[in-house]
Amino acid sequence: MIAELGHFALVMALVVATLQAIAPLYLARTAPDTALAIAMRASFIQFALVLLAFAALTYGFVRSDFSLAVVFANSHIAKPLIYKIAGVWGNHEGSMLLWVLIVAAYGAAYARFTDIKDGFAARVLIVQGWLGVAFLAFLLFTSNPFARLLPAPFSGQGLTPILQDPALAAHPPLLYAGYVGFSMAYAFALAALTGADDGGNWARRMRPWILTAWIFLTLGIALGSYWAYYELGWGGFWFWDPVENASLMPWLAGTALLHSALVAEKRDTLKRWTLLLAIITFALSLSGTFLVRSGVLTSVHAFANDPERGLFILAILGGFSLVGFILYGLRLPRFAADKPFQPVSREGLLLVNNIFLATATVTVFLGTIYPLILDALGMGKISVGAPYFNAVFAPLTIPFALLLPLGPLLNWREGRLKPLQNSLALAAGLAVLVTCGIMLTRSVAHGGSSLMIIALFAVALWLLFGASLDLAQRLAPYRSRLTQFWRLPASAFSAPLAHAGLAVMLLGILAATQWREEIVVAAAPNQQIDIAGIALRYDGLREIDGPNYRAEQARLTYLTGRHQGTHIFPERRFYEAERAQTTEAAITTDLTGHLYAVVGETSGDKRVLRVWYHPYVAFIWLGALLMALGGSFALVTRLKRA
Amino acid sequence: MARWLLFCLLLASPAYALDPGEALVDPVLETRARALSQELRCMVCQNQSIDDSDAPLAKDLRVFVRARLLAGDSDVDIRAAVVERYGEFALFRPRIAPHTMVLWAMPLLILLCGGFFAWRLVGKTARQNTSTPPQ
């Protein structure tokens, strides 16, 4: 009954979305106020209906209603409650329902919070309406989450154990809020293209929304990376897997968009490029969905590679991109050509930022689809993996990070380097000095580093000091009340924090990949294991019972150092209902590094133990958090001003 | 998109490789072996290098690589031998060859195109500045 109600709500949502997509179009000329009023009401109602459907499905999962096909296939009575709830989006149908919910939420949020109620706002909501129609139709016609099973099975098949992790609760919603958020970029671009050139005002209205999407996507990707790090059992944090690349592409394009929209808004130039970038960013978000859901990738991992669904999503992707690009081509002449500008200026450096980020986006795109293209052309099967991306990204990062700190330090229009000379020299000198220090102290234990690695360390530090300079410059007018930090303007922290975040992330990646230590031993109880100057003792193994699994739990004891005397417990879990096993690494977190221990299989009467030391690895996610924090400060600034 | 897809895949083979006793005694050779292993694809897994995979085939290949290193082969020889066995699909770093030209050249090309676009914008400023003297 509840499920039927949910199903009915979805159908009604489709009807309302259709109304939102079409009615205002007809009324836009004759009765613009009515058109906007309809679009706004429809987006509220659409959101309410999808929320109702979502609640109905959640109810089905919590009550373990196995007459629902999706609950049967992905849940089990013995599963803890949090995974019953998070399990709603731990499958194809439920995750697409979440997607639709977020599409509707963005539309409703825009209708609620937009400060200017005009034709532009109506057009944004019309585009959101069309998106609602497309994805609701996809959900209802190919992936109905409310399909019933008759007779209802007695028990469910359970959720893949590796998904039974607290991260499942946050990772997909964050990621989707990012992907779907970039639909706002698309909607704004289309609304701008169908109106007159308003001197970049559309870019001003777009920025808080793409900032929101960007913050969510940053957090979503970072959480996914951290999840993989602790779950996959050896501490890798990025695999250049097609699924990851699918999330990285809209992130890179979206980052470029954030910066170019700033130029469009402040300087009324680069508008054509910004519009194109907005359309591309959303197209990349959609193609991420397509690549993952359709089964075109050779590394399709698991659920839901149904060709019918793939075709449907391809049609959505093709349709929206095509409309976007055609409108772009038709309406572009109405937008003034770019006003030329000085190379040494903030906009000049922002243009450089866009060139590098565009190159990075194309590189990831090409690396992901190149094997598919070659295969389709019958030119052989090749693989493009981490070594390729590292080979391209490392040399690309150096000039990018070298130029980056200059951007925020320079003025708009005409920047002058001369007054900055001394502080820049100081930052560069410090970066070189610290790099030398790092290299000298580390080369004793780890041997020398390649020139590329040394250069990357140096530019990462330069980036960090450059961001500090930027912060100092922004706070200079408030020198007298620095201690009253709550009275300082949020805007002063946005760019410095985000840029420092990139620096911190780079440092984390470099340290963790360069100085990682690893030891693999077949250990007998009471055997000592030494790694990275830490001595551990393997105490032995015992069996324990979890809520829906059994586990073998090893105990290791720190014999030295800060954690002396404490124990860690790596596990191997066996999930009965799902007939699968997982490894749960034991990780000791310090800011300076993670000790990462995994218990393996038996080897005679001994146990294989794998222990890693990942120096400064936490900096990677700390950097991402700083970026998101910087974005949040920018958002707060914008909301206050609005 | 959804990281858990990756998880589902890797579930079949929890990712840790290199059994005790596999490693070579000579640290220089072992370092080369690890570097090579990270560039070779495990043929039966999805997107894992033989260094990360504990599939039997990956183990065989790791042993093979180390045996060839002990026999004094160069990295290039070993890669060629692996390609001969399994095809180019086994290389995570595609060879620079006519059919991978676009892949390797495109990033530079995009960078140059962007640079050209920027140069034109900036060039216009310079021309404007010379034609209209500052007021």
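**A strand and its partners**

Modeller: Let's start with one pair of residues: A:Ala551 stands opposite A:Arg573 in β6(A). Before we go on, please keep in mind that this is a predicted model, in which local features need pLDDT of at least 70, side-chain atom pairs count only at pLDDT 80 or more, and totals for chains, interfaces and linings use all residues. Residues are numbered from 1 along each chain as its sequence is written, while chains are lettered from A and ligands numbered from 1 in the order in which they are written.

The strand to follow is β4 of chain A, residues 550-558. Strands here are DSSP runs of E with at least two residues, and helices are runs of H or I with at least four residues, both numbered from the N terminus. Two strands pair if DSSP finds at least two bridges between them.

One partner of β4(A) is β3(A), residues 534-545, which runs antiparallel to β4(A) and is joined to it by nine bridges. A hairpin of four residues links β3(A) to β4(A). Across this pairing, A:Arg537 faces A:Thr557 of β4(A).

β4(A) also pairs with β6(A), residues 571-575, through four bridges, again antiparallel; that is where A:Ala551 and A:Arg573 sit opposite each other. Two bridges then connect β4(A) to β5(A), residues 567-568, in an antiparallel arrangement. There, A:Leu556 is set opposite A:Ile568.

Now for the helix pair. α13(A), residues 386-403, packs against α16(A), residues 451-475, at an angle of about 30 degrees, with the axes 9 Å apart. Axes are lines fitted to C-alpha atoms, for helices over the stretch in contact, and angles run from 0 to 180 degrees between N-to-C directions. That angle makes α13(A) roughly parallel to α16(A), because angles under 35 degrees count as roughly parallel, over 145 as roughly antiparallel, 65 to 115 as roughly perpendicular and the rest as oblique. The crossing is left-handed, meaning that the near helix is turned anticlockwise from the far one by less than a right angle.

Among the residues that meet are A:Ala394 and A:Ile398 in α13(A), and A:Leu456 and A:Trp462 in α16(A), where contact means C-beta atoms, placed from the backbone, within 7 Å. The residues of this contact divide into 11 nonpolar, one polar and no charged. Here Ala, Val, Leu, Ile, Met, Phe, Trp, Tyr, Cys and Pro count as nonpolar, Asp, Glu, Lys and Arg as charged, and the others, Gly among them, as polar.

Definitions and conventions. Two residues are in contact if their C-beta atoms, placed from the backbone, lie within 7 Å.
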